[in-house]
Amino acid sequence: MSKIDSIIFDLDGTLWSSAKAISEAWGLVLQKHENIEKKEVTEEELYSCMGLPMYDIAAKLFPSLAENIRNQLMDELCEFENGYLEKRGGVLFNGLEETLAQLQKKYKLYIVSNCQDGYIEAFIKAHHMEKYFEDTECWGRTRLSKGESNKILIARNHLQNPVYVGDTAGDYQSAIDARIPFIYAAYGFGEVRDCDYKIQSIRELPEVVEQVNENKK
């Protein structure tokens, strides 16, 4: 069987943590809405939502609001958040850029996330990551499951043997749906059981990708 030719990454909990900055950004928006009782979304609340599509997050955080109202609010929060993150950035996991530089020598790198359109671009611009990633896809553009977004990116870039790296059970399911191997980022925000491949640090990824290659022979 052919070796891995590309790596698709989840973003939150895999490449960075943006919870502190998002909490700040959303607080600024919520303070302007007199008719919305909730004026703050904590980092802990955001961690509990990681990996969900944006409107599912809205339903979880603002259950008392009508669906159309909370979805409009989420659109407003996300639009402001993108600009805020692009200027402020988030917290990159230790060793990220060095590891991406190492991986890029052998594999093409991509990002697929359940985030809004513009969020991945904010990450890339804030931390000057343009040189590492070939393409990205997200729920904000496809409005489909992460598995389907994976399939779209794979087809668009003619990838033959990609692997997906993520930190949640939803990420794991997206890899199953796309019929590609999965590497669990156990340092992230989620929990994945019974996974064949696992890393405790992003720095371990090159070695584990090689393990996937060995098992594909």
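These questions and answers go through a predicted model.

Reader: Where is Thr136, in which strand?
Author: Thr136 has a bridge partner, Ile111. The two strands concerned, strand 4 and strand 5, run parallel and are joined by five bridges. Thr136 belongs to the one spanning residues 133-138, which is strand 5.

Reader: How many residues of strand 4 are buried?
Author: Strand 4 covers residues 108-113. It is joined to strand 5 by five bridges, and it also pairs with strand 1. Strand 4 is mostly covered, and of its six residues the number buried is five.

Reader: Is Gly13 buried or exposed?
Author: Gly13 sits in the loop between strand 1 (6-9) and strand 2 (16-17). Leaving out residues up to four places away in sequence, Gly13 touches Phe93, Asp167, Ala185, Tyr187, Gly188 and Phe189. The relative accessibility of Gly13 is 0%. The limit for buried is under 20%, so Gly13 counts as buried.

Reader: What separates the C-alpha atoms of Gly13 and Thr136?
Author: Gly13 is in a loop, whereas Thr136 is in strand 5. Along the chain the two residues are 123 residues apart. Their C-alpha atoms are separated by 17 Å.

Reader: Is helix 3 roughly parallel or roughly perpendicular to helix 4?
Author: The axes of helix 3 (residues 54-61) and helix 4 (residues 67-88) come within 9 Å and cross at roughly 115°. Angles of 65 to 115 degrees count as roughly perpendicular. That makes the placing of helix 3 against helix 4 roughly perpendicular.

Reader: How many residues of the contact of helix 3 with helix 4 are nonpolar?
Author: From helix 3 come Met54, Tyr55, Ile57, Ala58 and Ala59, and these meet Arg70, Asn71, Met74, Asp75 and Cys78 in helix 4. One residue of the contact is polar and two are charged. The nonpolar residues number seven.

Reader: Are helix 1 and helix 4 roughly parallel or oblique to each other?
Author: The axes of helix 1 (residues 19-30) and helix 4 come within 9 Å. They cross at roughly 130°. Helix 1 and helix 4 are therefore oblique.

Reader: How many residues of the contact of helix 1 with helix 4 are charged?
Author: Helix 1 brings residues including Lys20, Trp26 and Leu30, and helix 4 brings residues including Leu73, Phe80 and Arg88. The contact holds 13 nonpolar residues and no polar ones. The charged residues number five.

Reader: Is His158 buried or exposed?
Author: His158 lies in the loop between helix 8 (146-156) and strand 6 (162-166). Its phi is near 55°, a positive value in a residue other than glycine. The relative accessible area of His158 is 63%. Over 50% is exposed, so His158 is exposed.

Reader: What is phi of Arg179 near?
Author: Arg179 is in the loop between helix 9 (169-178) and strand 7 (182-185). At 78% relative accessibility, Arg179 counts as exposed. Arg179 is a residue other than glycine with a positive phi, near 60°.

Key
Residues are numbered from 1 along each chain as its sequence is written. This is a predicted model: local features need pLDDT of at least 70, side-chain atom pairs count only at pLDDT 80 or more; totals for chains, interfaces and linings use all residues. Side-chain values use heavy atoms; hydrogens and water are left out. Helices (H or I, at least four residues) and strands (E, at least two) are DSSP runs, numbered from the N terminus. Buried means under 20% relative accessible area, exposed over 50%, partly exposed in between (1.4 Å probe, protein chains only). Axes are lines fitted to C-alpha atoms, for helices over the stretch in contact, and angles run from 0 to 180 degrees between N-to-C directions. Angles under 35 degrees count as roughly parallel, over 145 as roughly antiparallel, 65 to 115 as roughly perpendicular and the rest as oblique. Contact means heavy atoms within 4.5 Å. Ala, Val, Leu, Ile, Met, Phe, Trp, Tyr, Cys and Pro count as nonpolar, Asp, Glu, Lys and Arg as charged, and the others, Gly among them, as polar. Two strands pair if DSSP finds at least two bridges between them.
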